[in-house]
Amino acid sequence: MIAAAMESKDHLIGTAAQAVTALKEKGREKMNKVLQKGISGVQSVLSGCREKMVDVLTSYEKTANQIDSIGDEFKQIGNSVANVGRLLTGKGTKEVSDEKEGVALTRVLNMPVKKHISALKKQVERIDGAVAKLDKVCAGLDTGKDKEKSRVSVKEKLSQMKVKSEQQKKEPEKPKTKSQEESL
């Protein structure tokens, strides 16, 4: 699980670096494609983690059910022993509803298992939420805006701004009018 988290972290860092490079060199559309590819990689890792957690969760639930069954058997044994004692003393059999020691023991044994089940369910929900958020991000990246508008890369915009600023430096300053000087 920890290895998957580290793998996801490294994958996201690499994707971010590739996205920045793609934005600088080729524009927003290429960056979106790089991000979508990176997000799909993270989603696959999260799906794998989710599957493993669900397997462990199923195993824990099976164990908890077995412990509960053992407790039920202990309760039946306790009832049977109590009824044997009643029969020996000449009293009739009776369903004893009081909890016997074995049931309390199995409940204590089952507590940590049930805590783990609860924690695993929360983690699976968090993974589902993260995958949903990543789907939403991908949907936002996949808008048709990039296809409608031709975007210019950051490098091209910077070079255009540089040319513009050089042209403005070459133009002589216009003399200020009297009303502009007075207002200052």
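Reader: What makes Ile 70, Phe 74, Ile 77, Val 81, Leu 105 and Leu 109 a nonpolar surface patch?

Author: In this predicted model, these six side chains form a nonpolar patch of about 560 Å². Patch residues have over 30% relative accessible area and no salt bridge, and nonpolar side chains (Val, Leu, Ile, Met, Phe, Trp, Tyr) are joined within 5 Å. Areas come from the Shrake-Rupley method with a 1.4 Å probe, only the protein chains shown counting as cover for residues. A salt bridge is a side-chain nitrogen of Lys or Arg within 4 Å of a carboxyl oxygen of Asp or Glu.

Reader: Which elements give two or more residues to the nonpolar patch?

Author: They are α2 (28-88) and α3 (101-141), with the largest share, four residues, from α2. Helices are DSSP runs (H or I, at least four residues), numbered from the N terminus.

Reader: Why is Leu 105 called partly exposed?

Author: Leu 105, in helix α3, has 47% relative accessibility and therefore counts as partly exposed, the class between buried (under 20%) and exposed (over 50%).

Reader: What makes up the positive surface patch?

Author: Lys 26, Lys 30, Lys 33 and Lys 37 form it. Lys and Arg count as positive, a Lys charge is placed at NZ, and like charges are joined within 9 Å. The most, three residues, comes from α2.

Reader: Why is Lys 30 partly exposed?

Author: Lys 30 lies in helix α2; its relative accessible area is 36%, so it is partly exposed.

Reader: How are residues numbered, and which atoms and confidence limits apply?

Author: Numbering runs from 1 along each chain as its sequence is written, and side-chain values use heavy atoms, without hydrogens and water. Local features need pLDDT of at least 70 and side-chain atom pairs 80 or more, while totals for chains, interfaces and linings use all residues.

Definitions and conventions. Buried means under 20% relative accessible area, exposed over 50%, partly exposed in between (1.4 Å probe, protein chains only).
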